[in-house]
Amino acid sequence: MSGPATYLSGYRLMWILVMFDLPTSTKPQRKAAGDFRHFLLDEGFERSQFSIYARLINGKEAFEARIRRIEHALPAHGDVQILSMTDRQYRDVVHFSDQGRRRTSQNPSQLVLF
């Protein structure tokens, strides 16, 4: 049984970036920071940098749902910032690694959901 194919626009697909600066001076703070990182990984985020995690989502509704889930998992102390951008905007990110410019990873031109 197959239904009609659904094509998602590069303007509807969004990236959510979670950036954080959490204290790690004491053992409980280190545990809270580690638990938050593990929560993000369990939620499907990928580590972009040590304190920046990213995930592809489908639209504003999914963004709001992720915000609520993250809010419930926030550690008691520290700063967390959440940013969203369209897939088209994320494609234009310039990435340098080891002082060399990296090519932007190409997402498929269309995503088909059955």
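**Overview. Three salt bridges are present in this structure.** A salt bridge here is a side-chain nitrogen of Lys or Arg within 4 Å of a carboxyl oxygen of Asp or Glu. The model is predicted: local features need pLDDT of at least 70, side-chain atom pairs count only at pLDDT 80 or more, and totals for chains, interfaces and linings use all residues. Residues are numbered from 1 along each chain as its sequence is written, and side-chain values use heavy atoms, with hydrogens and water left out.

**View 1. Lys31 pairs with Asp35 in a salt bridge.** Their closest N and O atoms are 2.9 Å apart. Both residues lie in helix α1, four residues apart, which is about one turn of the helix. Helices (H or I, at least four residues) and strands (E, at least two) are DSSP runs, numbered from the N terminus. Lys31 is exposed, with a relative accessible area of 53%. Asp35 is partly exposed, at 39%. Buried means under 20% relative accessible area, exposed means over 50%, and partly exposed lies in between (1.4 Å probe, protein chains only).

**View 2. Glu43 meets Arg66 in a salt bridge.** The N to O distance is 2.4 Å. This pair links distant parts of the chain, 23 residues apart. Arg66 sits in helix α2 (residues 59-73), and Glu43 in the loop between α1 and β3 (46-49). Both Arg66 and Glu43 are buried. For Glu43, the relative accessibility is 12%.

**View 3. Glu43 also forms a salt bridge with Arg69.** Here N and O are 2.5 Å apart. Again the pair links distant parts of the chain: the loop between α1 and β3 holds Glu43, helix α2 holds Arg69, and 26 residues separate them. Arg69 is partly exposed, with a relative accessible area of 45%. Salt bridges that share partners join Glu43, Arg66 and Arg69 into one network.

**View 4. Arg37 is buried yet has no salt bridge.** Side chains of opposite charge can pair when their charged atoms come close. For Arg37, the nearest side chain of opposite charge is Asp21, 7.8 Å away. Lys and Arg count as positive and Asp and Glu as negative; His and the chain ends are not counted. Arg37 lies in helix α1 (residues 27-42). Leaving aside residues up to four places away in sequence, Arg37 touches Phe20, Phe50, Ser51 and Tyr53. Contact means heavy atoms within 4.5 Å.
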